[in-house]
Amino acid sequence: MNGRDVELLRPLWHARSFVQAEDCRQTLKLWLTEGNYYVNNASPNLSLYVHSVDELKKCLSLDAFRFASHAAQTVNELERSNAYTKLTSWRIIQTYYSAYFAAHAILRFFGRSFSHLETGHVAFLKGRCQTEAGYTPVLPSSYYLISLSSNGRNLDFERHAESHKDLWKCFQNLLRELSSEALRLRAATSRCQALSNRFTVLGDALSNRGKHPAGNWLSMVRNEANYKSLHGGWFPFEKSTPVFSDLIGRVKDWRASSHDLGDPTSIGNDRERFFITAFIVVDLTLSIAWDYQKLAEKAGRRSADFSRLLRLSAAA
């Protein structure tokens, strides 16, 4: 994203995950077993009252930077692959996972964690509910969207079933919210509308123009390339399969997070549209991460590895 849009976007994530201190040591899942909170009486669901919101934000931001690093490392490895001239099946898979990791990071920057709770986490949380609130929540081992509520104190749990489709569904919902919230920012109407439109367009691209309402089109392409040998990624390649050097050339400055990749919904070739849509998700992640680090002033335990990875990959 360009600098003006990054600055305009800042109020939408800042209150949900920003903490100045870089000394972040706990992941969110570790915090759930060690953190300082009360159990809300929200039978049959789970909701926690958070004593130190900053401690929770440290966990969310630490996890966000880790996922942002996963996305950047995957892109760097993709960028250096030169076995074939075409966009191969493996490059499609790598491109997908870079966006998948990026979506995880973005959710956390906006105060939401899409996480899998294992049996141990579930048993511990059920025990606290029974002891402190006198009820047993419906809380199987599964995927959950764990969200900091609008009042900034409650942590609410929403159960999901699938690691990929539901991740993108949650991400699509976030994009809709951001598109609406962007219109209420304190800036010129034209700037707010342009930012709002970015999120709307990305949501349209992720749903392949509404064909996949959950926003999981990237995942569908990955599955079809991986398990059904579709999308022209396997030798011998189709004529319509894009040349990889052309695609990577369009995003060659991805580390700087300073360019505009345009409207992917206007791209006719589905594999090119897939590639550019995925990189818009990655670009959004890196843009927020760079802005977060700038506000924190000095990289430390939380963000130093992210910065180091981008420096090393750029110099390699």
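Predicted model: local features only at pLDDT ≥ 70, side-chain atom pairs only at ≥ 80, totals over all residues.

Student: Okay, what does the secondary structure of the protein chain come to?

Tutor: There are 11 helices and five strands. The radius of gyration is 20 Å, close to the 20 Å that the globule rule gives for 316 residues, so the chain is as compact as a globular protein of that length.

Student: And what box do the C-alpha atoms fill?

Tutor: Roughly 65 × 45 × 40 Å, taken along the principal axes.

Student: How much of the chain is buried?

Tutor: Of the 316 residues, 54% count as buried. The accessible surface comes to about 14000 Å², and 49% of that belongs to carbon and sulfur atoms. As for contacts with a separation of 6 or more, 75% are between residues 24 or more positions apart.

Student: Now the sheet. What's the strand order?

Tutor: It's an open sheet, ordered β1-β2-β5-β4-β3, with antiparallel pairing. β1 (37-39) and β3 (112-117) are the edge strands, each pairing on one side only. From one strand to the next, the twist averages 30°.

Student: How many bridges join β4 to β5?

Tutor: Six, between residues 142-148 of β4 and residues 154-160 of β5. For instance, L148 has L155 in β5 as its bridge partner.

Student: Which strands does α3 touch?

Tutor: Helix α3 (residues 53-79) packs on the sheet against β2 (47-50), β3, β4 and β5, with its direction at about 130° to that of β4. There's also α6, which lies across β3, β4 and β5 and runs at about 165° to β3.

Student: Switching to α4: how many of its residues are buried?

Tutor: 19 of the 21, so α4 is largely enclosed by the rest of the structure. It covers residues 89-109 and reaches 31 Å from first C-alpha to last, close to the 30 Å expected at 1.5 Å a residue. Just after α4 comes G111, with a positive phi of about 80°.

Student: What about the span of α7?

Tutor: The 18 residues of α7 (residues 189-206) should span 26 Å at 1.5 Å a residue, and the end C-alpha atoms are 26 Å apart, which agrees. Its buried residues include C192, L195, F199 and L202.

Student: What covers those buried residues?

Tutor: The cover includes α1 (3-17), α6 (165-182), α8 (217-227) and α10 (270-296).

Student: And what follows α7?

Tutor: N208, whose phi is positive, near 55°.

Conventions:
Residues numbered from 1 in each chain as written. Heavy atoms only, no water. Helix = DSSP H or I, 4+ residues; strand = E, 2+ residues; numbered from the N terminus. Expected span 1.5 Å × (residues − 1). Buried < 20%, exposed > 50% of the residue type's maximum accessible area, 1.4 Å probe, protein only. Contact = heavy atoms within 4.5 Å. Pairing = 2+ DSSP bridges. Axes fitted to C-alpha atoms, helices over the stretch in contact; angles between N-to-C directions. Rg over C-alpha atoms; globule rule 2.2 N^0.38 Å. Areas by Shrake-Rupley, 256 points an atom, 1.4 Å probe, with all protein chains shown as cover.
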